[in-house]
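Please consult the sequence and the structure shown here while reading.

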Amino acid sequence: MSSDPWGRVDETGTVYVRTADGEQVVGSWQAGTPEEALAYFERKYEGLVVEIGLLERRVRTTDLSAKDATTAIEHLRQQVEEHHAVGDLDALRSRLDKLAASVESRREERKAQKAKQTDEARHAKEELVAEAEQLAQSDQWRAAGERLRALVDTWKGLPRLDRKSDDELWHRFSHARSAFSKRRKAHFASLDAQREDARQIKERLVAEAESLSGSTDWGPTAARYRELMADWKAAGRAQRESEDDLWNRFRGAQDVFFAARSEVFAERDAEQAENLKLKEELAAEAEKLVPVTDLKAARAAFRGINERWEAIGHVPRDARPKVEGRMHAVERALQESEEAEWRRTNPEARARAAGLTGQLQAAVDKLREQAEAARAAGNTAKADKLERELEGRQALLDQALKGLEEFGG
């Protein structure tokens with residue numbers, strides 16, 4: 001009979017392994033010496049040790065699923081329980097128990113993590129839906145449309161929920177987008193209809209203006225042209241591609257009539273020359289409003305000047321473009337001041353400028369800390385590189401701060 005600390009072979013060739021529950025039969029060996037029998041079953045034990053070690057490593061270092069890990073553990077446990085090896089089988093059982101507990105713990109962690117991710121995705125999608133439903137009522141067609149498109153991209157990047165919840169939220173989200181699209185479409189359809197109505201009205205006004213351009217009934221025709229001009233202004237704007245052409249024809253017809261009238265009433269040249277003098281004085285008065293320092297006061301003053309301008313009457317035709325151009329230049333300056341004031345006080349633009357400035361400031365601070373840390377660590381090359389990048393970010397920050405100052409701080 002031969003034995004070792006974990007097993008023995010009796011005189012009949014039966015191999016036993018010692019366990020905490022007593023000896024268990026491993027198998028029968030008739031092909032050689034008892035020592036060879038023990039060596040054979042000890043190698044089988046070492047094979048189990050290697051397999052368990054490999055599985056422990058896979059569980060610890062890879063993303064092996066809990067299901068696959070459990071299957072592998074049970075396979076090895078079955079081999080241990082069948083007692084076809086000589087060695088410390090109780091130690092192997094203990095290792096497999098610990099490994100099973102570790103796998104179960106990881107399973108619970110992943111389950112909790114998945115639940116957390118699902119909750120976060122649900123919250124994010126609920127926020128997207130709430131914002132979409134709010135945007136659906138907006139009249140800021142371009143900005144709201146762009147934001148809704150951005151929300152769709154954000155939605156696509158979020159994990160799916162359970163089918164019922166995901167479908168319900170998507171239905172609300174999609175309904176909000178559809179509602180906005182319908183409102184926008186109706187708005188622009190109404191706007192197109194209004195502009196088409198304006199085009200038809202102006203077509204009729206142009207036709208009448210052109211029919212009157214050859215009239216020599218100076219007083220009534222001039223009065224009618226003034227009425228047509230009032231009707232023109234009341235009609236609103238037509239489509240852009242039609243508006244300029246119609247206006248040129250309308251104004252051209254008037255010019256033909258009034259030019260003919262000017263030729264007939266040559267005696268009014270002196271009056272028109274005086275009118276020119278007065279308008280030049282008004283133009284000079286208007287030009288003093290530029291540069292604009294008090295927009296409200298300047299606009300009110302220009303309105304008064306313009307009313308006096310309109311009351312003066314015609315000037316010589318060849319002088320009109322120049323003197324009117326001076327007034328138009330002042331009017332453009334006022335418009336530009338209004339636009340600049342709007343941009344300066346626009347809260348959305350200010351918020352964007354402030355946000356950009358904050359991001360750049362954070363980037364500059366981070367780069368400065370990294371450069372100082374690299375310099376302190378003796379990494380000169382890295383520090384130089386970071387400082388070059390810092391210079392570029394600082395330049396952008398300075399520019400952003402300058403832009404923010406235009407908003408009043």
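In this predicted model, Arg142 is exposed, with a relative accessible area of 68%. Its side chain meets that of Glu146 in a salt bridge, and Glu146 counts as partly exposed at 41% relative accessibility. Both residues belong to helix H4 (residues 141-156), where they stand 4 residues apart, about one turn of the helix.

Within helix H2 (residues 66-81), Arg77 and Glu74 are likewise separated by about one turn, being 3 residues apart. Arg77 counts as buried because its relative accessibility is 19%, under the 20% cut-off. Glu74 is partly exposed at 41%.

A further salt bridge joins Glu203 to Arg249. Glu203 lies in helix H5 (residues 163-212) and Arg249 in helix H7 (residues 240-264), so this pair ties together parts 46 residues apart in sequence. Through shared partners, salt bridges link Glu196, Arg199, Glu203, Glu210 and Arg249 into one network.

| Salt bridge | N to O distance |
|---|---|
| Arg77 and Glu74 | 3.7 Å |
| Glu146 and Arg142 | 3.5 Å |
| Glu203 and Arg249 | 3.8 Å |

The structure holds 32 salt bridges. The mean positions of the 70 positive and 79 negative charges lie 3 Å apart.

The chain contains 12 helices and 4 strands. Its radius of gyration is 45 Å, well over the 22 Å that the globule rule gives for 409 residues, so the chain is more spread out than a compact globule. The C-alpha trace spans about 150 × 55 × 30 Å along its principal axes. Buried residues account for 32% of the 409 residues.

Definitions and conventions: Residues numbered from 1 in each chain as written. Predicted model: local features only at pLDDT ≥ 70, side-chain atom pairs only at ≥ 80, totals over all residues. Heavy atoms only, no water. Helix = DSSP H or I, 4+ residues; strand = E, 2+ residues; numbered from the N terminus. Rg over C-alpha atoms; globule rule 2.2 N^0.38 Å. Buried < 20%, exposed > 50% of the residue type's maximum accessible area, 1.4 Å probe, protein only. Lys, Arg positive; Asp, Glu negative; His and termini not counted. Charge placed at Lys NZ, Arg CZ, Asp CG, Glu CD. Salt bridge = Lys/Arg side-chain N within 4 Å of Asp/Glu carboxyl O.
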